[in-house]
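I opened the model to look up a few things and kept notes as I went. The entries follow in the order of looking.

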Amino acid sequence: MELQKFTYDNKITRLFMNATILWGIVGMLVGLIIALELIFPLMSQNIPWLSFGRLRPLHTNAVIFAFVGNGMFTGIYYSTPRLLKTPMFSELLGKIHFWGWQLIIVSAAITLPLGYTVGKEYAELEWPIDIAIALIWVVFGINLIMTTVKRRTKHIYVAIWFYIATFVTVAVLHIVNSIAIPVSFLKSYPVYAGIQDALVQWWYGHNAVAFFLTTPYLGLMYYFVPKAANRPIYSYKLSIIHFWALIFLYIWAGPHHLLYSALPDWAQALGVVFSIMLIAPSWGGMINGLLTLRGAWDKVRESPVLKMFVVGITAYGMATFEGPMLSLKSVNALSHFTDWTIAHVHIGALGWNGMITFGMLYWLLPKIYNTKLHSVKLANAHFWLATTGMLFFAIPLYFAGFTQSLMWKQFNEEGYLAYPNFIETVVQILPMYFIRVFGGTLYITGVVLMIINLIKTANAGKFIQSEDDEAPALHSQSHGVDKGHRIIEGKPVIFTILTLVAILIGGIVEFVPMFMVKSNVPTISSVQPYTPLELHGRDIYLREGCYLCHSQMIRPFRSEVERYGDYSKAGESIYDHPFQFGSKRTGPDLAREGVKGGPIYKPDSWHYNHFLSPQKMVAQSIMPPYPWLISRDLNISTTSKKIRVMQTLGVPYPEGYAERANDDLLKQANQIAKGLRDGGIQVEDTKEVIALIAYIQRLGTDIHKPANNQ
Amino acid sequence: MAAIIFLIFLGIIVAGGFLAAFIWAVRSGQYDDDYSPSVRMLFDKKEKAAEEKTKEETQSTTITKN
């Protein structure tokens, strides 16, 4: 048996490691800022790019794609070559992957606060960045799969399977959900509308949790936990079974984000059933991770790395138990739109992704610097700060979620809503928001300790650029199979996969817009496309991230119909590219805000003053002020292009309307502005606020038009 | 609901791909041995395996002393 010599490159691991730490702290700090803004709404000092709706997408994108993304790449680039006994396929592709990914993050960090957004949660980035993500992702995929093809071990360890599933599925998800038609360089409209868009979005959203935050990290767990404990995984068989079960089940669970919405019942039921089934493979993973440490709990006591892994895996188990529970319709009726969801995701993010990342870094950095961790004490301090921080974060939010939801649903003895004023339910939970900030601060303090500890460790050691290893070539291990055959056997796999991905991408991009456009046939005759002014107003609504605090989906419950008006119908949102159902009610639902005589209707002047200063209209409001909407001119040069794109998407504006659209726009703007001026408010016709008011007053009115009132 | 049909179709393609991968894995003998891979991954460098083990043990004792 002839041994071949090769080296593992640690430089790429270190690059990703540094990026993980950098973006981790940035993402968490932005999270802290927006948590504070929910208590002190005036904190953004009227600076547009500091306001809640602009920073919240930055926080989620930074934590998911920058912190966890770089974290997974750190672990993948370290473990894959070692598991497969070969260097990564290409150092160049690795570098392109690294720098490309960082460039994407930087462009996200610039465009999101400036308000360039598609307006779909967790998929906010505009189309040029989306294309860049797809390309860099494929670079990563080629590098990963080709490394697998060139491996020197016959067996592909379970972690690698998790990595491959991550690559394949995220590629499909990202592309399908991001298909859009550009209006300009940084503005586009998704091809899907309304309930269709919602379904695609949450199919993506849920599987992003599954294949971006879960499967790669399970792969890391299967590598780093045995390594750190120096003992094999509890059951390798279980790891294989739960891997395949997990990836087969996850794809179908997305609709549980749309329970009680206008989505057909059977689709909701499908989502619920698969969500419940997901407990089994998820807990298979948790049990396997934890039991790996059986008989080694003495090591756990001593090693901060293992401690973090234990809490991380436990958090994974808790979150994957809670998830199926939240998918039950009766629980979801209570939990949806509240802080319960925020608590749930942070058990996953702070507990699972955070702790596994920290544990990995504490183990990995001393290793590639050929030294010992600078201070175990400091790492233990980090462990306790992170654990208590997570609890101080999540537990108050659970209370906030229950409290607010119960208050929303409470009727008094006369049969009226007990808390008809939304703000009462907000004020009630503000103390919980304070404690959440405290918890987050603890957590971030822990990360700062980690950074100090890791820097000192690195300074004490000497970086090992690359490590030598040797192993026999793959063909010499399998008896009776000649070299040539092996090579051919390897290549078709990669070719099949790559062609499949290529065909899938091509097919999707070609076929989806056609398919979707045809199906957007109106089902409620009174539902009409937005006027040009409303369309602009809607784009401002997206830009300011209003959807991150306001839902537009009234569920068919008595408490919601009383509070907001008639429940939302699927046919009402068929021209909504993108949909704006929202997922969180920090403020009230706006689906019927414009219905005159409805429970929450407000006149134009109220909205004007409210945007200028919410606190002037509702003293305890935590909505941020939007004075810039009042000073900024509406950009009407894009109107015709926007209308044309909408027409391409199947929205039935009359032919040639694009050219006339601005006439209508100015007329409507003048009408609204004149009304405001008559009420003593000095405002010009073409300010942004006029468009936003037009949009707000349009909301929910279609099915209430006198002519078509059923 | 075109989107549902489309997603189901897509889900089946993805799941079908996974199924093909699964069948390939089983056929090619990936899972014939469901124990030793879990042990083999613990050794990074074959010749140094034994040495590493002792090193790690000393490491954990030093940690205890801290």
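Is A:C546 buried or exposed? I find A:C546 buried, at 12% relative accessibility; buried means under 20% relative accessible area, exposed over 50%, and partly exposed in between, with a 1.4 Å probe and protein chains only.

Ground rules, noted before going on. This is a predicted model, in which local features need pLDDT of at least 70 and side-chain atom pairs count only at pLDDT 80 or more, while totals for chains, interfaces and linings use all residues. Residues are numbered from 1 along each chain as its sequence is written, chains are lettered from A and ligands numbered from 1 in the order in which they are written, and side-chain values use heavy atoms, with hydrogens and water left out.

**Cysteines**

A:C549 is buried at a relative accessible area of 13%.

**Domains of chain A**

I took the bounds from the domain assignment, which is an automatic or database one. Domain 1 of chain A covers 11-476 + 485-511, and domain 2 covers 532-698. I get 33 Å between the C-alpha centres of domain 1 of chain A and domain 2 of chain A.

Contact here means heavy atoms within 4.5 Å. On that rule, 63 residues of domain 1 of chain A touch 56 residues of domain 2 of chain A. For buried area I used the accessible area (1.4 Å probe) that two parts lose on being put together, summed over both. Between domain 1 of chain A and domain 2 of chain A it comes to about 5,000 Å², with 66% on carbon and sulfur atoms. On the side of domain 1 of chain A, the residues that lose the most area to domain 2 of chain A are A:Y189, A:F337 and A:F422, together 16% of what that side buries.

Next I checked salt bridges, each a side-chain nitrogen of Lys or Arg within 4 Å of a carboxyl oxygen of Asp or Glu. How many cross the interface of domain 1 of chain A and domain 2 of chain A? The rule finds three. I also noted a salt bridge between the side chains of A:K187 and A:D539, at 3.2 Å from N to O.

Polar contacts came next: pairs of N or O atoms within 3.5 Å, where within protein one must be able to donate a hydrogen and the other to accept it, and residues adjacent in sequence count only if both atoms are side-chain atoms. Between domain 1 of chain A and domain 2 of chain A I have 18 residue pairs in polar contact, both residues at pLDDT 80 or more.

**Chain A against chain B**

Helices (H or I, at least four residues) and strands (E, at least two) are DSSP runs, numbered from the N terminus. Chain B has three helices and zero strands. Of the 66 residues in chain B, 32% are buried.

I count 55 residues of chain A in contact with 44 residues of chain B. Chain A and chain B bury about 4,500 Å² between them, 71% of it on carbon and sulfur atoms. One salt bridge crosses the interface of chain A and chain B. A:K237 and B:D34 form a salt bridge, with their closest N and O atoms 3.7 Å apart. Eight residue pairs are in polar contact between chain A and chain B, both residues at pLDDT 80 or more. Elements giving two or more residues to the side of chain A that touches chain B include α2, α5 (158-178), α6 and α7 (236-250) of chain A. The largest share of that side, nine residues, comes from α6(A).

**Loops of chain A**

A:Y530 sits in the loop between α17 and α18 (532-543) of chain A. A:Y530 is buried, with a relative accessible area of 10%. Which side chain does A:Y530 join in a polar contact of 2.6 Å? The partner is A:D576. Beyond four places in sequence, the contacts of A:Y530 include A:R538, A:Y575 and A:Y653.

I found the peptide bond from A:H577 to A:P578 to be cis, with omega near -5°. A:P578 is in the loop between α19 (558-564) and α20 (604-612) of chain A.

A:K85, in the loop between α2 and α3 (91-111) of chain A, has phi near 55°, a positive value in a residue other than glycine. A:K85 counts as buried at 8% relative accessibility. A:Y260, in the loop between α7 and α8 of chain A, also has a positive phi, about 65°, although not a glycine.
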